Amino acid sequence: MCHCFLDAKTASVNQARFYGGNFKDSLISNSVCSCLRCFHSIITLGKSNGMVGENCSSEKDNRFVRLGRYSDLSNQTEPFELQKGSGRKWTKERDLSQLKQCREYSIDKFEVIRIAGKHPFLWHDHWPVKNYAKIFECLELVDEIANEAMNVISRIRGIGAKARSKVDVAEEFNSDGSVDQPVPYIAVHMRIEKDWMIHCKKLEQKSNINQICSSKEEIMERVAHITGLQQPVVVYLAVADSLLEDNSILSGWKDGLVPYEKKRLGVWDIYKKYPYLIQSAIDYEVCSRADVFVGNSFSTFSSIIVLSRTQKLIGLGITSACGVGVRFASYAYNILGESRGPKMWMTDMSAPSLQSISYGTSNVSCYSNWKAR
């Protein structure tokens, strides 16, 4: 197993080791994005040395990338240092050359890979999305963090169940009184904080695109027009800490949509005991497991979540999310879709690079363009 660690004492936006890292979209994406990037190095190095196959076993013990604390590692060997260059100056030709060099001696004895270099996590936009998506078959959280995420999800579903019981929503019960499907919830990655609005307005001017910024009111309006929602339903708002004191994000929602953020949900105590990057990992898991996810297609965090959900749908044999009632449906609230709702969104698995994931796109659709090899 290879490990991706965050040091609880030093983890921050700019101080994560690979055992961490930093990334452009600083709201709640850093820890997850860093692990994904180091994993890609692991799997490409592994293929060149015959270490791993292309697919990961679904069994937990056979997966080999975990997000946790460096201090938890029992064998703290000297790390294998993987040098990476600056941004797009690091080409796939340089990648190939590095992989060939790694064949000259065994790296099997190293348990930790440290990615080094100036801005090392911006280097591989040239990798195909389809290959990059294999990461999600192998990435897992350590039990402590996974359990915290499940506690948050259980709290959301529990509140949803109470809300539905008050209006006599019909459930399909088994003979023993149990329910096959858990109570659904929506997760919204709500990017309306001041720094984001300044950034997105500048980006709109620079790119001559007016589908990047979204106001709080526009997000609420478009979420309310998603067709096929079973209401009442809890809407979990994944927001920056600065918005947790802004009660206005909880008001103005259409009847039937019950908004909650960390504090109102009563789970802030779970989050605040961890450094910022671990908090992001928990929110990533909560959003990834939502029955419906709504994000911004110019947010890296939203794009990474949709990529993982698209990969999950493909695993279920679903390559198109067009229509009503698709499990794990995702939407981009910054783009107007059908019936005045947000645009349905699946990752374009045929894309030859990570450009749209790293830097955003207004060209989203309900098709994955996935083709089996």
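A: Phe293 has Ser330 in E10 as its bridge partner. Please keep in mind that this is a predicted model, in which local features need pLDDT of at least 70 and side-chain atom pairs count only at pLDDT 80 or more, while totals for chains, interfaces and linings use all residues. Residues are numbered from 1 along each chain as its sequence is written, and side-chain values use heavy atoms, with hydrogens and water left out.

Strands E9 (residues 292-295) and E10 (residues 329-336) run parallel and are joined by 4 bridges. Strands (E, at least two residues) and helices (H or I, at least four) are DSSP runs numbered from the N terminus, and two strands pair if DSSP finds at least two bridges between them. The whole sheet is open, with 6 strands in the order E8-E7-E6-E9-E10-E11 and mixed pairing. At its edges, E8 (257-260) and E11 (342-344) each pair on one side only. On average, neighbouring strands are turned by 30° against each other, direction ignored.

Now for the helices on the sheet. H6 (residues 216-224) lies across E6 (185-189), E8, E9, E10 and E11, at about 135° to E10. H9 (residues 276-288) lies across E6, E7 (233-238) and E9, at about 145° to E7. Those angles, from 0 to 180 degrees, are between N-to-C directions of lines fitted to C-alpha atoms, for helices over the stretch in contact; contact means heavy atoms within 4.5 Å.

Next, Ile282. Leaving aside neighbours within four places in sequence, Ile282 is in contact with Ile145, Glu148, Ala149, Val152, Ile270, Tyr271 and Tyr274. Together with Val188, Ile282 touches the most other members of the largest nonpolar core, which has 78 residues. Such a core is a set of buried Ala, Val, Leu, Ile, Met, Phe, Trp, Tyr and Cys residues joined through side-chain atoms within 4.5 Å; buried means under 20% relative accessible area, exposed over 50%, and partly exposed in between (1.4 Å probe, protein chains only). Helix H10 (residues 300-315) gives this core its largest share, 7 residues. Another core, of 6 residues, lies apart from it and includes Trp196, Met197, Cys200 and Phe298.

That brings us to H5, where Trp196, Met197, Cys200 and Glu204 are buried. Seen down the axis of H5, the directions to the C-beta atoms of its buried residues fall within an arc of 95°, so they line one face of the helix. The face turned away from that side carries the exposed Lys194, Ile198, Lys202, Gln205 and Lys206.
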